[in-house]
Each structure stands twice: as C-alpha cells, then as structure tokens.
Amino acid sequence: MLVRMKDICDKAYEGKYGVPALPNWNEVQVRATIEAADATNSPVIFLTLNRFPNSKDMMDLIAKLAKETHVPVALCLDHSGSFEDSILGIRNGVTAIMVDRSEKSFEQNVAEVSELERIAHAVDVSIEAELGHVGWGDHFDNNDASLLTDPEDARKFFELTKVDALAVAVGTAHGVYYGEPHIDFERLKDIDAACGKPLVLHGGSGSGDDNISKACTMGITKVNIVTDVFEETLKYIGTADLAGNNVKNLYRACEEATFNFVKHTFEMTGCIGKT
Ligand SMILES: [Zn+2]
C-alpha cells in the first residue's frame, strides 16, 4: 500500500529500526525493490526526482505496484531544491517531499521549509528537511565539524518547522567515498536526545553495514542508499553468465542483483517484518 512517509518513519522511530530509501531509475529497479519488500515483509521508501524523462512514469508505476502489495511503500521527492519542484512533486503524487535548503542560513532554511510544510501537510504529504550539510564523498571534507548538525539547532528546527523527519549531517557523504567515512555517533546520540523525532541519514552507500545498523538504533529511521544499488548491480552483472544467447538475461540479472541487495538493506537497517 502507498503510505505517507511519516507513517513509516514514526513507526521506525518507536521501534528503533531504520528503513532504506532506494532509487527508482527504471522499471527493473522498481519491480525488484517492491518484490524484495513483499518477500521479506519490509516497509520501503523510494527516492524520486522530477527531472528525468521517465520520472512521472516511474512514480505512477510505484503507486500502482504499491497498491498491489500489503507492505507500506512511501514515495519521497529527494533533494527538492525549489518551491516549484516541490509543488510539481506533490502534483505528481509523491507521499513526501525532502526540501533541501541545507546550504542556506538557519533562518532561511526554516522560512523556506515552513512555507512548504503548510502546503505539504494540507494535502497529507510528509516533509523532510536537512540541517547541517551532507556533501559529496569525492569533493567534500566530511570531517569538517562546521558542516555537521548541531543538536540544539536540530531541536529548534523541528519546533519551528514541524517537519516529520530531519536529515542530519554526522559524517556521511553522498556518492562514492574517497577515504573512510567517520560517523560521529556521539553527535547523533546528542541530536536524538535533543529532538526525540525521526532522523534521516543521507549518503548511506559505502558507510559500512555496522555503522548503518548502529545508527538505525539511535534515531535514524530512513537511510538513503542509492550509489550502492548501482554498484552492487554492476558487480553482479560482472559475475553473471551473459555470454552468447544468455545476453538476453541481462535485465533478469539486474533484477536479481537489485532484489538481493535490497533484501540486504532491509537486514542492515533492521526493518524486516516491520509492516
Ligand atoms: Zn541526500
């Protein structure tokens, strides 16, 4: 069933587990992800963007397949950077918008998120924001403490904006890491203690399975994992027998790879059976 992201995150927060938020770039990925969720009784969140030629088609497909399964499926517009993009996402049928104003000042972030919070909640769409800034692994010093989330600021942010979930910067980075990620668990603990609300970890790929599992017991309810879905698919294809006429099994191999890895993300975040 298609649900609000808030429903998934609130339940995960209570139960001290996380739920993976995964890509939906093509039909193979979408079907394999929902099949894995269905087979393991796991809730799942899709990360969507408006900007691809097939974006709306994928959103419609997710909505259709979500209605055919008993597991909760949420559809979140990821890193929405403008007011117009968020409204388009809502029109396209997402059940959550992630409003990213993390590169703006605290006050500006609060103002722009609050404007969209009123609109999103008026139509029963969940809203996530980001405080501190999660950068990119290949051109970002993810150990720069000034970019990490301050616990007291996070508490104030929740109070001022009424967001349903907040992405925090605790040392992870988007994309492929060049170097080791250092997750600041002390900071995460302090943020959770200050806020008592669902938190989100961006840059889950390459962050270490144990690190993610641990973070999911400390208030992280949604873990964005995109790059690894592609990496693991590529690896799997490299080992699959696709010689000669078997080449026609290419997409079947992509589907198997996605199914297996998505199942692994449910194990890692602890959401199997949490429907
Ligand atoms: Zn992100």
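In the predicted model, 54% of the 275 residues of the protein chain count as buried. The accessible surface of the chain comes to about 12,000 Å², and carbon and sulfur atoms account for 52% of that area. The C-alpha trace spans about 60 × 40 × 35 Å along its principal axes. The radius of gyration of the protein chain is 18 Å, which agrees with the value near 19 Å that a compact globule of 275 residues would have.

The secondary structure of the protein chain consists of 10 helices and eight strands. Contacts between residues at least 6 apart in sequence were also examined; 72% of them join residues at least 24 apart.

Empty space was then considered. Rolling a probe the size of a water molecule over the atoms shows where such space is left. The largest pocket has a volume of about 540 Å³. Its lining is made up of 25 residues, and those nearest the centre of the pocket are D78, H79, W136, H174 and V226. Strand 2 (44-48), strand 3 (73-80) and helix 9 (227-239) are the elements that give two or more residues to this lining. By residue class, the lining of the largest pocket comprises 10 nonpolar, 10 polar and five charged residues.

H79, one of the residues nearest the centre of the largest pocket, is placed in strand 3. The phi angle of H79 is positive, at about 45 degrees, although this residue is not a glycine. H79 counts as partly exposed because its relative accessibility is 26%, which falls between the limits of 20% for buried and 50% for exposed. A positive phi is also found at K16, again not a glycine, with a value of about 55 degrees. K16 lies in the loop that runs between helix 1 (5-15) and strand 1 (19-23).

The structure holds two cavities of 30 Å³ or more, and the largest cavity contains about 50 Å³ of space. The residues that line the largest cavity are N24, W25, T48, L49, F52, N54, S55 and M58. Four of these lining residues are nonpolar and four are polar, and no charged residue takes part.

V163 is found in the loop between helix 6 (151-161) and strand 6 (165-168). With a relative accessible area of 6%, V163 is buried, because the value is under 20%. Apart from neighbours within four places in sequence, V163 is in contact with V113, I127, A129, F157 and F158. K197 is 34 residues away from V163 in sequence, and the C-alpha atoms of the two residues are 9.5 Å apart in space.

F106 belongs to helix 5 (residues 106-122). The relative accessibility of F106 is 22%, so this residue counts as partly exposed. When residues up to four places away in sequence are not counted, F106 touches L131, D153, K156, F157 and L160.

Note on methods:
Residues are numbered from 1 along each chain as its sequence is written. This is a predicted model: local features need pLDDT of at least 70, side-chain atom pairs count only at pLDDT 80 or more; totals for chains, interfaces and linings use all residues. Side-chain values use heavy atoms; hydrogens and water are left out. On a 1 Å grid over the protein atoms alone, a cavity is a set of points where a 1.4 Å probe fits but cannot get out, and a pocket is an open set with protein on both sides within 12 Å along at least five of seven lines; lining residues have an atom within 4 Å of a point. Grid points are joined across faces, edges and corners, and a volume is the space filled by probe spheres set on the points. Ala, Val, Leu, Ile, Met, Phe, Trp, Tyr, Cys and Pro count as nonpolar, Asp, Glu, Lys and Arg as charged, and the others, Gly among them, as polar. Helices (H or I, at least four residues) and strands (E, at least two) are DSSP runs, numbered from the N terminus. The radius of gyration is taken over C-alpha atoms; the globule rule is 2.2 Å times the number of residues to the power 0.38. Buried means under 20% relative accessible area, exposed over 50%, partly exposed in between (1.4 Å probe, protein chains only). Contact means heavy atoms within 4.5 Å. Accessible areas come from the Shrake-Rupley method with a 1.4 Å probe; for residues, only the protein chains shown count as cover.
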